[in-house]
Amino acid sequence: MDPCRSWGVLALLCLLVPGGHPVPCRVSISPEEPTVEFGASLLLNCTSSCRNHSRLNWEVPITKVVTRGPTWVSLSIPSVTDWTLKLQCFGVFGEQRHIATTTLRAYRFSPPQIYLEGDTVAGKETRVTCNASAQVSPADPPNLILTLRGGGLPPSTHRGPSVGLGFTAQPEQHGQEVTCEAALRLGHRTVNASATVTLWVWAAPHDVRVWAPRTVFTAGANLTVTCRAEGNPPPQLRWELPTNASLELWDGGTTVIIPAAQRAHGGTYRCLAENRYGAGAASVDILFQGSSRSPLIPVAVTLAALTVLAILAGSWWLYHARGWKPMPD
């Protein structure tokens with residue numbers, strides 16, 4: 001005899017698929033693999049595939065709070081205080097009974113934290129470390145995976161509560177972000193958390209440059225020499241100069257201006273850049289090109305030279321043209 005006919009009303013007890021074969025009524029739990037933070041609340045739902053159930057309920061080893069609907073019954077747990085908990089939902093459909101089971105898993109998960117060992121100084125070895133902690137059961141180790149990435153560093157992944165990476169800091173890494181990603185795997189579900197830190201790379205003075213619009217000057221010209229340097233913190237500048245006479249400093253000491261420079265201002269202009277992580281220096285040579293104070297001097301020199309040349313030319317002509325010879329002594 002057709003089992004659906006033996007039950008009286010086909011639609012009340014089973015569903016038909018093509019061909020007229022009965023499909024039993026079933027119950028299902030959502031979410032299928034419930035996970036929740038230890039001490040937090042949780043809401044689960046048990047759903048029936050048929051509307052005609054005579055019973056639809058939860059079987060759990062804790063005090064339950066349920067809410068019902070036409071084809072569902074929900075279970076509310078105000079505070080999960082068990083690491084693992086077996087849960088059952090059942091439905092009774094005439095003589096048929098179906099049970100769905102699942103295991104509730106609780107966890108504790110502390111977000112990752114990133115640490116840098118001391119000051120990060122350009123050109124020196126340093127280390128970044130990320131730590132995180134998780135607990136899923138007193139008897140089971142957590143399936144925790146940590147990954148460090150960013151900041152111009154190669155990614156580093158480690159299974160466990162800590163991951164570290166050593167590197168030589170570079171000035172261009174200053175201001176870049178390093179992220180630690182933590183993934184706690186709970187069955188088919190993964191709980192994720194992350195933390196980010198900004199690299200602050202200290203650097204000794206570097207790329208120290210000294211220049212002047214011109215390196216050869218004449219007396220009375222204005223002389224300007226400028227110094228620039230990179231570093232973190234910004235380096236302090238000081239000058240070693242041929243002379244301090246008639247000296248002016250501009251732009252916080254980066255530029256030396258000498259109005260109406262004289263011969264004494266020629267020489268080496270050396271700029272020293274310093275901060276607490278080191279020092280650097282650069283220099284430029286400024287040459288003095290002398291000039292006469294009176295324009296008559298070069299004229300007189302020129303006339304004297306022309307006079308000598310004229311005398312020599314006349315003597316040569318007399319010697320060859322008239323046989324003139326100088327008188328012997």
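**Exercise 1.** Determine which residue in E8 stands opposite Val66, and how E7 and E8 pair.

*Solution.* 
Step 1. Val66 stands opposite Leu75 in E8.
Step 2. Strands (E) are DSSP runs of at least two residues, numbered from the N terminus; E7 covers residues 65-68 and E8 covers residues 72-77.
Step 3. Two strands pair if DSSP finds at least two bridges between them. For E7 and E8 there are 4 bridges, and the sense is antiparallel.

The model is a predicted one, in which local features need pLDDT of at least 70 and side-chain atom pairs count only at pLDDT 80 or more, while totals for chains, interfaces and linings use all residues. Residues are numbered from 1 along each chain as its sequence is written, and side-chain values use heavy atoms, with hydrogens and water left out.

**Exercise 2.** State the order of the strands in the open sheet of 5 strands, and explain why one side of E11 and of E22 is left without a neighbour in the sheet.

*Solution.* 
Step 1. The order is E11-E18-E20-E23-E22, with mixed pairing.
Step 2. E20 (residues 223-232) pairs with E23 (residues 255-258) in the antiparallel sense over 4 bridges.
Step 3. In this pairing, Thr224 is placed opposite Ile257 of E23.

**Exercise 3.** Locate Thr120, decide whether Thr120 is buried or exposed, and list its contacts beyond four places in sequence.

*Solution.* 
Step 1. Thr120 belongs to strand E11, which spans residues 120-121.
Step 2. Buried means under 20% relative accessible area, exposed over 50%, and partly exposed in between (1.4 Å probe, protein chains only). Thr120 has 3% relative accessibility and therefore counts as buried.
Step 3. Contact means heavy atoms within 4.5 Å. With neighbours within four places in sequence set aside, Thr120 is in contact with Thr126, Ala169, Trp200, Val201 and Trp202.

**Exercise 4.** Find how many disulfides the model contains, and describe the links of Cys25 and Cys50, of Cys46 and Cys89, and of Cys130 and Cys180.

*Solution.* 
Step 1. A disulfide is a pair of cysteine sulfur atoms within 2.5 Å. The count by this rule is 4 disulfides.
Step 2. The sulfur atoms of Cys25 and Cys50 are 1.8 Å apart. Cys25 lies in the loop between E2 (22-24) and E3 (27-30), and Cys50 in the loop between E5 (42-48) and E6 (55-59), so this pair ties together parts 25 residues apart in sequence. The link is left-handed, with -90 degrees about the S-S bond, and both cysteines are buried.
Step 3. Cys46 and Cys89 are joined with an S to S distance of 1.5 Å. The torsion about their S-S bond is about -70 degrees, so this disulfide is left-handed. Cys46 in E5 and Cys89 in E9 (residues 84-93) are 43 residues apart. Cys46 counts as buried because its relative accessibility is 0%, and Cys89 likewise counts as buried at 0%.
Step 4. For Cys130 and Cys180, the S to S distance is 1.9 Å. The torsion of about -80 degrees about the S-S bond means that this link is left-handed. Cys130 in E12 (residues 125-135) and Cys180 in E16 (residues 177-186) are 50 residues apart. Cys130 and Cys180 are both buried.
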